[in-house]
Amino acid sequence: MDYARDGEYICGFGLAEEEHRWGQQPDLLLPELVAAHVLQPDGSSRIDASCVPYEVAYKRTLSVFETRFGLSLPRACLGEGRLPAYAVRGTPDMHTGREPDYHMLMTWADANGMPCTGNGTSVPAEIREAFRQASGSRDS
């Protein structure tokens with residue numbers, strides 16, 4: 001999940017990866033994530049997954065975004081309306097420089113024997129996806 005304003009990443013993190021935050025203000029939502037019992041107070045570790053099912057943790061994180069940014073849909077849209085759906089693979093290019101997590105992900109890819117071909121600014125989608133899968137498997 002990414003929050004951007006005026007073409008700049010403000011903050012972002014993945015669901016079930018809230019301890020790995022990026023952007024100009026990576027800790028912008030940290031107080032809310034701690035209050036929602038998603039992250040420990042230190043912000044560097046999640047609430048023990050064995051105590052909180054992932055569905056509950058996902059809902060808590062989504063609720064933080066919903067509350068902070070005023071996102072909502074009228075009940076009629078959910079029950080009767082048709083909602084558009086969009087799928088985006090990778091990270092949208094909302095900046096002109098290197099992705100904030102470029103060095104970390106490319107170092108991880110190299111350490112895990114993945115070919116590090118890229119343009120020097122964007123992490124290839126297959127490396128980002130492999131990292132997300134590997135991170136998710138450690139939390140299970």
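Asp-101 is buried in the predicted model, with a relative accessible area of 9% (buried means under 20% relative accessible area, exposed over 50% and partly exposed in between, with a 1.4 Å probe and protein chains only). Asp-101 belongs to the loop that links helix H3 (75-79) and helix H4 (102-111); helices (H or I, at least four residues) and strands (E, at least two) are DSSP runs numbered from the N terminus. Apart from neighbours within four places in sequence, Asp-101 is in contact with Trp-22, Val-123 and Arg-128, where contact means heavy atoms within 4.5 Å. The model is predicted: local features need pLDDT of at least 70, side-chain atom pairs count only at pLDDT 80 or more, and totals for chains, interfaces and linings use all residues. Residues are numbered from 1 along each chain as its sequence is written, and side-chain values use heavy atoms, with hydrogens and water left out.

Strands E1, E2 and E3 form an open sheet in the order E1-E2-E3, with antiparallel pairing (two strands pair if DSSP finds at least two bridges between them). Strand E1 (2-5) and strand E3 (17-22) are the edge strands, each pairing on one side only. Neighbouring strands of the sheet are turned by 15° against each other on average, direction ignored. E2 and E3 run antiparallel and are joined by two bridges; Gly-14 stands opposite Glu-17 in E3. Helix H2 lies across E1, E2 and E3 and runs at about 20° to E1. Axes are lines fitted to C-alpha atoms, for helices over the stretch in contact, and angles run from 0 to 180 degrees between N-to-C directions.

The largest nonpolar core has twelve residues, among them Tyr-3, Ile-10, Phe-13, Leu-29, Val-38 and Phe-65. A nonpolar core is a set of buried Ala, Val, Leu, Ile, Met, Phe, Trp, Tyr and Cys residues joined through side-chain atoms within 4.5 Å. Not counting residues up to four places away in sequence, Phe-65 touches Met-1, Asp-2, Tyr-3, Phe-13, Leu-29, Gly-70 and Leu-71. A second, separate core of eight residues includes Trp-108, Ala-109, Val-123 and Ile-127.
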